[in-house]
Amino acid sequence: MKIKFKLILAFMVIALAGNAAFAQKKDSIGTGAVTGILRDSVHNYIMQSATMAIYKVAGNELVNYQLTNNFGRYQFKQVPVGIPLRVIATHVGYISAKKDFIISPKTKTIDLKVLNIDRIDLSLKEVTIAAAAPPMQMHGDTLEFNASAFKLDTNAVVEDLLRKLPGVTVWADGVITVNGRKISRLLVEGKDFFGGDNKIALQNIPKNAVQKIQVYQNRDDKNNIAPPTEMNIVLKKNRKDGFFGKFGVGLGTQKHYAGDGMITYYSPKTQANIVGAYNNVNKSANDVNTLMGFNSFKGEGINNDYHSDFTRQGQNVFKGGGFTASHDFSSDADTRPAYYKTNLLKGEFFLNDASNNTIADSRTKVSLGANGNLDQTSHGTSVGDNFSDRGSANYDKRFEHYSISSSFNFNDSRNNSLNTQDQASVNDLTSQKTHNLAQQTASSSQTSAKGYASLSTNRFFDNGKHKYKSLNMDLNYAFSLEDGTRNSKNITDFTATDATQNKYFNRQYLTDFNSNTHTINATFRDIGSYFRKFSQPIITMDFKNSLDIRDYHEDNNVGDLAAAGASYTPNAGLTNISHYKTIDEKPSISFNKNHYKGLDNRFYKSWSASVSAQGQVYMQRNSALQSFQNLDRTYHYFIPTASFSFYNDQYGDYTSQYSLNYNTTVHFPTVSQLTPLNDNANVYSISLGNPNLQPAYEHNLNFYYNYYQQGGKNAINGNASISASLVKRNMTDSTNYDALGRYIRTVINLGDRKSINYNGSIHKSYKIKEQQFNITGNSGLNYSDYLTSVNGQTYQTHTTGVSASYVLLYNYQSLWSAGAGEYFSGNKTNQGRLSQSTYYNWTTNFGFAFAFPKSIFFNTRVNFNNSKSSAVANNVYYTIWNADVGYRFLKGAEAEIKLSALDILHQNRSIYNYANSNSITTSTANVLQQYFMLTLAYYPRKFGLKK
Amino acid sequence: MLIITATSVLAQKVIKVDSSHVMTLRVDPSNASGGNVSDVFAEVNYIPLETTDESLFGSIGKLEVTDDYFIILDHNTHCILIFTKTGKFHAKIKSTEGKNMIYDFAINKFTKQITFSRDGYKNMTTCDYDGKVIKTTKLGGETAKDEINSDNLIYFAPDKAIGTYYYNEMDSTDKYYKTFSKSLILYADNKHKVYAHGLPFKKAESKLGNEILYAGNSTQNITNAGIDTVFFYSKAYNYSIFTITPNTIKYAYQLIFPLYASLPIDFSVNPIYKEKRIEYIEKHRDAIFSLTNVFQSGDNLFFKASIYGTTKEDNLIYNLKSGNLIAYKHIQPDEKSFYLPISEDNWNFAGMLTNTGGYLYTAVSSLATFTAYEQNKDNKDVRNLHYNPVLTQYFKKGNRKDNPCIIQLKLKNDL
């Protein structure tokens, strides 16, 4: 394994040393060239991988830097001529050496010949000789970038620093790559920083608090053939603790307002934060981390996240907040993380209250074949409020060969809503009309608790005792408890051309429910290892068992109020008490074969194959007051799985990975599909049970491919996956429409369902001096083919979905950025001769932003939307244009004033297309539209609490 | 039967260790110097090994040089490969599919034979230099009291070889106990019968066998000193070097390293390190834990002093006359080596592989030579370099995935 680390590292260094220099700053007079050799002349050898940095003597400004090559040589191009320059050589264990020079404007080149560097007396090994830290250096197997060597605005954050580093790319989604290799974890002082979302560390920690950035391969996972690359941010000694936060208020036109606040504290052991938001501009979050991301400081760059979500329906008011805290009990002072030293307790509490007021209209076309088409319109209003509070606690402790993990969380929620709906349907053949007016007042409350505990152990070789110890085992237990009520009052008023069909209901539903689920999973890997001493097994065998027991209890009290009645009369057909229990037991035995082949310095390939024989026993028992729902079924299935994967590392060239997986799943019919209670108040749709419904059996095949180029500054990486599935005895809808457009829906087993799915993405970045281009492309395709039944006729149905997008991003320093992107998604459904529907959405966007350090920033973004549905005649076009202009002030730019103009063109619309086998619906709703807002924000920040 | 065993036991000669002339060498790797290839070596020859589908292998785990051939063990393909002295592929001996691999081999230069086992030491196979099987000899097995079932033997006469044994805790009642079980050096005949042994280990060292960490590819604790009848043996964890001849064992050198680079003096015997030695080495990354691959060429002693961390000062040349110390990896390629590397900066690089006929032998991968070749093209100082015909051909026809290059080196005597 060690061999590989060194090799990968060697390539990393070659990529950095090579013949290229990474210019820090392009200078208008930067046309000179400098070469030379660095030697330890006392010991008579050249210095490889030493750092050479050129500074301007005046002002000490870093001009350029690189590592010496295998011959101890350095070669700089594009260095300013005619001014005093200084080259400083640094290497671990050596006293920095420097030499001043001027490049003659005539010759434009200078050969500095041999520069000598002297070793630090080893008795003073830990003493740092006062000198400017080199921008970049190799420290054993770690590549280090020293923050102080990079001159940035005083308010710059880590993200701004990373953009300056050679070979490092920070992608729009927060992913970091170093020479194309993805950074698997970003750590601060060897630990996750607030849950491991890269952006929180990148956009809040000031560059000035950072001592150095380390990049290295994590060797802890000795079994991993492709050891992950990690990045660790080492903070300066006096910046190991601190706090940062934000308080902001905004007032806007149309009675819009927004307020947020956050305060975050970190120290080597403890991380804690408290965060909150209150607004009516569609800025909401479901957890503390998302809210934290919204409140990031960012640095000299561009603040264009955290905008209103213009796609949300209705008017929304969001109030939310919470806190997180974590404490690390390990006593490891090493800033480089040791995987097995984890001893971490984390807690989170989050509370939110979201209210929504939506007015929606929809239009649906239903094809009934010989019975004509239905044209349905619906107008609805809904007012709702959701309140929830939840909390969680996690504890993880890892030892070198064992780990335990546990978590507990609870959730409490209450919802209230008032909905009205006015529906009309016309049959174009019979001209029969129906009309329904429905009103629902509903409230629900629910509490749930979940817990999880697991123990993992590894069999390992004890070098001292010279034997294998322990078991390869994972054990885990999880439970989930739920308890709640759902109450509603529904008024339904149905009228039709045929007045005999008119119906009126005033019905009350009172439901209490509770459930508990217990899951126990056990895995014993490589059973044979207990019986053999040293030889490698040809085939290894694993045992797994998964047991899941679920109990669900529901108590329904349904009553009807007659037109002139005073109290609700119990509805005998719908009032019910039911007790539903399932036991899902899945034992399996799997056989695994691993094979690898390597040629030193050439390649490393490994194959692994696994076949698993898995059985499933599924027991379903329902006992209900409505005795026709009673059910006691036991199913036995054989659900095998198989997988194959191939890994190919061609040293210094590329790495690719292929995998092929096959698995089988059984979909069991539910009580609501087998024997539902039929509520006649659902006037348009009646569900009829099918007690003969059989489980559907699904075969799934998935292929995955991943590629990345090693080395090179502008590496490419990409991946693709294709999956195919075949569902035998597919459960599909059988619908029977009457002339009034009402339908009876039954789930039946009908033929096979075949589907295929493809997804692919490709990333490439170019870094040219201070400019960076990122290109990301994504594409997707899905196709399915199945049978449906409408009015007793069977139709072959095909659904095709296509999606494609690309995003182009350009950054210059951290000051200018521009982006363009295009997203397309489309869907086509074809139901035999009966119906055909299509829709697509196409969005093109452009964005542009710039910022002057410490002062003004500006950004703007335009989205052109084009939507087409076969349910409506014309394309719908609308454009959303947003812009912000802001000013940061105070010494540390802690204060911000910002004017935002949103949906400047006043065109935002909500369009939602939905198609199923024989109908297509297009709906529109009220949405957030044009507003202007003035925001004031203050970012309290202090890094290093103890002076 | 008993009588026969008894006689054979009695017949085993015990060779006493002569400790009367121990030379102490003080070596500070951090103060080793470098230099150019032409400063250190009188001769440097690159011998690219022919690459064909049949001859493709990983790296050289063991190299023996005979009058006509290079005989190579590759741990990637588990084969013994035979190349001519010009690097042309000659023959290959494969492991048996599905059986135990070939882990080692011995050559008998006197009879021109290669001996190895590919069935877990049940049988020893003897081949000629063309890879043709001459005979298969069944060994007495692990319980044969006076037999060594190893192929790590070095022949110093047509029917006599020297071998090593490992630290162990066996006592005479143990099923696998052998008459020479408490000695580290043994002398055997060509039927693997041990006729003499020496260099006993202490009881406190008996557990070391399970606690020795090997320093990468081609680690050899017994090596040919350059003369057919003199060998070097280095003891684990105490920096002592012995010279072994057909009739003597001499405690020849004791190396002393600076404190930062040393294991505790009692590391191999103090029970506080019991079962913790490998962990200790992993934590003390600057401590030299293994002293191997000892060769002598004239007045120069070449050895590999490995540490767990990263260093360029592991392969060292110590001049016994001047006391000068040179770090092999610091020697800078120059025109003499066509600006091609003579070492590699990765764990795979074995250091010196063997010492025969006045030459030291090492090897570098084609990845290293081709990388240097590309760099040379871009380097204006060496752009007009004229490679010799062998290398010209190699760079013209080959690529970075070719077999390694053997490097034949002749050290200058006055360093």
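Reader: What share of the 415 residues of chain B counts as buried?
Author: In this predicted model, 45% of them do. A residue is called buried if 20 or more other C-beta atoms lie within 10 Å of its own.

Reader: And what share of chain A is buried?
Author: Of its 947 residues, 29% pass that test.

Reader: What makes the radius of gyration of chain B agree with that of a compact globule?
Author: Set the two values side by side. A compact globule of 415 residues would have a radius near 22 Å, and chain B has 22 Å, so the two agree. Its C-alpha atoms fill a box of roughly 75 × 50 × 35 Å along the principal axes.

Reader: How do you know that chain A agrees with the globule rule?
Author: With 947 residues, the rule gives a radius near 30 Å; chain A has 33 Å, which agrees. The box for its C-alpha atoms is roughly 105 × 75 × 55 Å, again along the principal axes.

Reader: Which secondary structure elements does chain B have?
Author: Five helices and 28 strands. Chain A has five helices and 54 strands.

Reader: Which residues of helix H5 in chain B are buried?
Author: B:Leu391, B:Tyr394 and B:Phe395, in a helix that runs over residues 389-397.

Reader: Why are these residues said to lie on the same side of H5(B)?
Author: They cover an arc of only 90° around the axis, so they share one side. In general, an α-helix has 3.6 residues a turn, so residues three or four places apart point the same way.

Reader: What lies on the other side of H5(B)?
Author: Exposed residues: B:Pro389, B:Thr392, B:Gln393, B:Lys396 and B:Lys397. Exposed here means 12 or fewer such C-beta neighbours.

Reader: What do the buried residues of H5(B) pack against?
Author: Two elements of chain B: strand E5 (41-48) and helix H4 (366-378).

Reader: Which residues touch the most other members of the largest nonpolar core?
Author: B:Ile80, B:Ile154, B:Ile162, B:Leu316, B:Ile326 and B:Ile407, out of 110 residues in that core. Apart from it lies another core, of 78 residues, including A:Val79, A:Ile110, A:Val157 and A:Val188.

Reader: What is B:Leu316 in contact with, leaving aside neighbours within four places in sequence?
Author: Its partners are B:Val27, B:Pro29, B:Ala32, B:Phe303, B:Ala305, B:Leu325, B:Ala327 and B:Tyr328. A contact requires C-beta atoms within 7 Å.

Reader: How many contacts in chain B join residues at least 24 apart?
Author: 60% of those between residues at least 6 apart in sequence. For chain A, the share is 66%.

Conventions: Residues are numbered from 1 along each chain as its sequence is written. Chains are lettered from A and ligands numbered from 1 in the order in which they are written. This is a predicted model: local features need pLDDT of at least 70, side-chain atom pairs count only at pLDDT 80 or more; totals for chains, interfaces and linings use all residues. Helices (H or I, at least four residues) and strands (E, at least two) are DSSP runs, numbered from the N terminus. The radius of gyration is taken over C-alpha atoms; the globule rule is 2.2 Å times the number of residues to the power 0.38. The arc is that of the directions from the helix axis to the C-beta atoms. A nonpolar core is a set of buried Ala, Val, Leu, Ile, Met, Phe, Trp, Tyr and Cys residues joined through C-beta atoms within 7 Å.
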